Amino acid sequence: MSHQEHQQKAAERGPITMGVVTVSDTRTTETDLNGQFLRREIATAGHVLAFYQIIEDEPAQVAMALDAAIAAGVQVLLFNGGTGISQRDTTYDALAQKLEKTLPGFGEIFRMLSWEQVGAAAMLSRAVAGVYQGMAVFSTPGSHKAVVLAWEKLIAPELEHIAWELVR
């Protein structure tokens, strides 16, 4: 079956149950532009938001968010924030320990596209994606441009296909 046939079959499955986790020590629901953007895009695409949370960049909170999303029936979970290299950036490390399968191409292509926006600073991103207990997980930097880039260029175009691959 071709890639296009996979996408067509996947689109026939209906709405995807999604979750959004913003990793920040300072953002609130009112100031979480990334969460607002992703929730709006998910609804516009006809999918269902079953889980939304703002957490601090603590490995235990990242692990709890993963498990809470699984309990909520999330098929695709989107993390934003905590992917840099500062001491407070631990999201990547926490997720790397939990992901059962990784999608190296996501981080590679994200950094390539990010290069066009921020130049060599793109190498500081530890954007990652993979699978945790049958749920697709994407983790991007917390900058709004990075979230929009990841959603529009990488996640949204393949969302149905990814969700379908996890259950076929």
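**View 1. Helix H3 passes helix H4 in a right-handed crossing.** This is a predicted model, in which local features need pLDDT of at least 70 and side-chain atom pairs count only at pLDDT 80 or more, while totals for chains, interfaces and linings use all residues. Residues are numbered from 1 along each chain as its sequence is written, and side-chain values use heavy atoms, with hydrogens and water left out. A crossing is right-handed if the near helix is turned clockwise from the far one by less than a right angle, and left-handed if anticlockwise. Helices (H or I, at least four residues) and strands (E, at least two) are DSSP runs, numbered from the N terminus. H3 comprises residues 59-71 and H4 residues 91-98; they pack at an angle of about 50°, with their axes 9 Å apart. Axes are lines fitted to C-alpha atoms, for helices over the stretch in contact, and angles run from 0 to 180 degrees between N-to-C directions. H3 and H4 are therefore oblique to each other (under 35 degrees is roughly parallel, over 145 roughly antiparallel, 65 to 115 roughly perpendicular, and the rest oblique). On H3 the contact is made by Pro-59, Val-62, Ala-63 and Leu-66, and on H4 by Thr-91, Ala-94, Leu-95 and Lys-98. Contact means heavy atoms within 4.5 Å.

**View 2. Ring pairs join Phe-106, Phe-110 and Phe-138 in a cluster.** Rings of Phe, Tyr and Trp (its six-membered ring) pair if their centres lie within 6.5 Å; planes under 30 degrees apart count as stacked, over 60 as edge-to-face and the rest as tilted. The count by this rule is 2 aromatic pairs. Phe-106 and Phe-110 have ring centres 6.4 Å apart and planes at 25°, so this pair is stacked. Both residues belong to helix H5 (residues 104-118), where Phe-106 and Phe-110 are 4 residues apart, about one turn of the helix. For Phe-106 and Phe-138, the ring centres are 5.1 Å apart and the planes at 70°, so the pair is edge-to-face. This second pair links distant parts of the chain, with Phe-106 in helix H5 and Phe-138 in strand S6 (residues 135-140), 32 residues apart. Phe-106 and Phe-110 are both buried, as are both Phe-106 and Phe-138. Buried means under 20% relative accessible area, exposed over 50%, and partly exposed in between (1.4 Å probe, protein chains only).

**View 3. Ser-114 lies in helix H5.** Ser-114 has a relative accessible area of 8% and is buried. Leaving aside neighbours within four places in sequence, Ser-114 is in contact with Gly-119, Ala-122 and Leu-149.
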